[in-house]
Amino acid sequence: MPLEPRAYHLPDMPVPGRRALLLGFVGLVLCGVGMALDAPRFLQAYLTAYVFWVSIGLGALFFVMLHHLIGSQWSIVLRRITETVMFSLPLMAVFFIPIAFGLPLLYRWGDPEAVAADHILQHRSVYLNAAFFIARTLLYFIIWFLLSYRLYKWSLDEDSGYDEARRARMRRLSAVGMVLFAFTVSFAAFDWLMSLDAHWYSTIFGAYVFAGSVMAALCFLTLSVMALKRRGLLADIVTVEHYHDLGKLIFAFTIFWAYMAFSQYMLIWYANIPEETVWFAERWTGSWKTVSLLLVFGHFVIPFVLLMPKMMKRRPSFLMAIGLWLLVIHWVDLFWLVLPSLQHEGAVLSWMDPVAMLGIGGVFCGLFWRRLARHPLVPLGDPRLDASSRSDSH
């Protein structure tokens, strides 16, 4: 099927991108106000929003590397959009600066007085100290930047002509990248989220965060494709079969997230070690119990039931609704990971929670859209692009 050129080019810097950047700017200004009024609560909201947007970029990086590793054909028409989401990761390194300056307010191990009064924190200070924490974070972002930059650049180079040797390099880099990805995502989850309660530990925590990240990235990708199609782009390239495949992946990672969550809970419940059970006890007290139940039903039971029928995964309007819902519940999941360790009086929302999401998310979406407009929406040089766009090729 010949591809219509106008169907895969986005006009330069369209209105949605400018609006997103404007909203992001307003959100960042309000973030400054929140920091001045209540720095501890602002940093809690900011960390939740920050991990939310980083997780989408990381999920996209995983999707791109998996695509190259297995030589997937169906996802070729979605690859450029996913690569553009993935390339947001260098930007997120800049947004880490407020967290680096707010370490003593977020992490007890970052407060010298708290460390002096706690022998466990003293014992773990070799790993949990400000200098090493920031150095590790820099290393994560350097690895993620190198992976996303090389894969994105080679993909753009492919638009001017297909090269089998370049494709082999992309596959080799993805193979190495998967190993680095597994270690860096796990340790970033340990550092940024798990160390909020430095007494608690779970070796499965990294896999739990990874599952939620990929699910969120798939939802973001689905919504981005739908936004483009509503503007008359990708009309004959992305078909109902692509929606069906995206729906199946979202369904799979919803189950994987639940499996990781249950495995973590079941092992800690079975062992019944006080320093481990206290983490769940905090989340089963007062209003946090309602949030825990919301996650059980909203993150697993309801999406599992709704996504099970084949016809539901083939309905764009339904996938849009479930994608939006799962992004909201992904934020609730991160809120549930961050706040109970710092806010013991219960689950209380603040105006700074949406403001932090707006500030980081507005810039994230605005630059994503702007970068998307600079290049073709699909990898034009891929010889399997035409086959990928046919519904009977899956």
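Is Pro112 buried or exposed? Pro112 counts as exposed, at 63% relative accessibility. The cut-offs: buried is under 20% relative accessible area, exposed is over 50%, and partly exposed is in between, with a 1.4 Å probe and protein chains only.

A word on the model. This is a predicted model, where local features need pLDDT of at least 70 and side-chain atom pairs count only at pLDDT 80 or more, while totals for chains, interfaces and linings use all residues. Residues are numbered from 1 along each chain as its sequence is written, and side-chain values use heavy atoms, with hydrogens and water left out.

Back to Pro112. Its place is helix α7, residues 112–116. Helices here are DSSP runs of H or I, at least four residues, numbered from the N terminus. Pro112 and Asp191 are 79 residues apart in sequence. In space, C-alpha to C-alpha, Pro112 and Asp191 are 18 Å apart.

Now the aromatics. The whole structure has 44 aromatic pairs. Rings of Phe, Tyr and Trp, the last by its six-membered ring, pair if their centres lie within 6.5 Å; planes under 30 degrees apart are stacked, over 60 edge-to-face, and the rest tilted. Take Phe210 and Phe253. This pair is edge-to-face, with 6.3 Å centre to centre and 75° between the planes. Phe210 sits in helix α11 (residues 205–230) and Phe253 in helix α12 (residues 240–271), so the pair ties together parts 43 residues apart in sequence. Both Phe210 and Phe253 are buried.

There is also an aromatic cluster. Its members include Phe42, Tyr46, Tyr50, Trp109 and Trp192.

Next, charges over rings. The criterion: NZ of Lys or CZ of Arg within 6 Å of the ring centre and within 35 degrees of the ring normal. The charged end of Arg169 sits over the ring of Trp154, 5.4 Å from its centre. For Arg283 over the ring of Trp279, the distance is 3.7 Å.

On to helix packing. How do α9 and α10 pack? Helix α9 (residues 130–158) and helix α10 (residues 164–192) meet at an angle of about 155°, with axes 10 Å apart. Axes are lines fitted to C-alpha atoms, for helices over the stretch in contact, and angles run from 0 to 180 degrees between N-to-C directions. α9 and α10 are therefore roughly antiparallel. On that scale, under 35 degrees is roughly parallel, over 145 roughly antiparallel, 65 to 115 roughly perpendicular, and the rest oblique. The contact of α9 with α10 divides into 15 nonpolar, five polar and eight charged residues. Ala, Val, Leu, Ile, Met, Phe, Trp, Tyr, Cys and Pro count as nonpolar; Asp, Glu, Lys and Arg as charged; the others, Gly among them, as polar.

Arg150 also lies in α9. Arg150 is partly exposed, at 29% relative accessibility. Its C-alpha is 38 Å from that of Arg108, 42 residues apart along the chain.

Two loop residues next. Asn272 is in the loop between α12 and α13 (274–282). Most residues other than glycine have a negative phi. Phi of Asn272 is near 55°, a positive value. Asn272 is exposed, with a relative accessible area of 56%.

Asp236 is in the loop between α11 and α12. Asp236 is exposed too, at 54%. Asp236 and Arg390 are 154 residues apart along the chain, yet their C-alpha atoms are separated by 8.7 Å.

Last, Phe300, in helix α14 (residues 287–307). Phe300 is partly exposed, at 25%. Phe300 and Val378 are 32 Å apart, C-alpha to C-alpha, and 78 residues apart in sequence.
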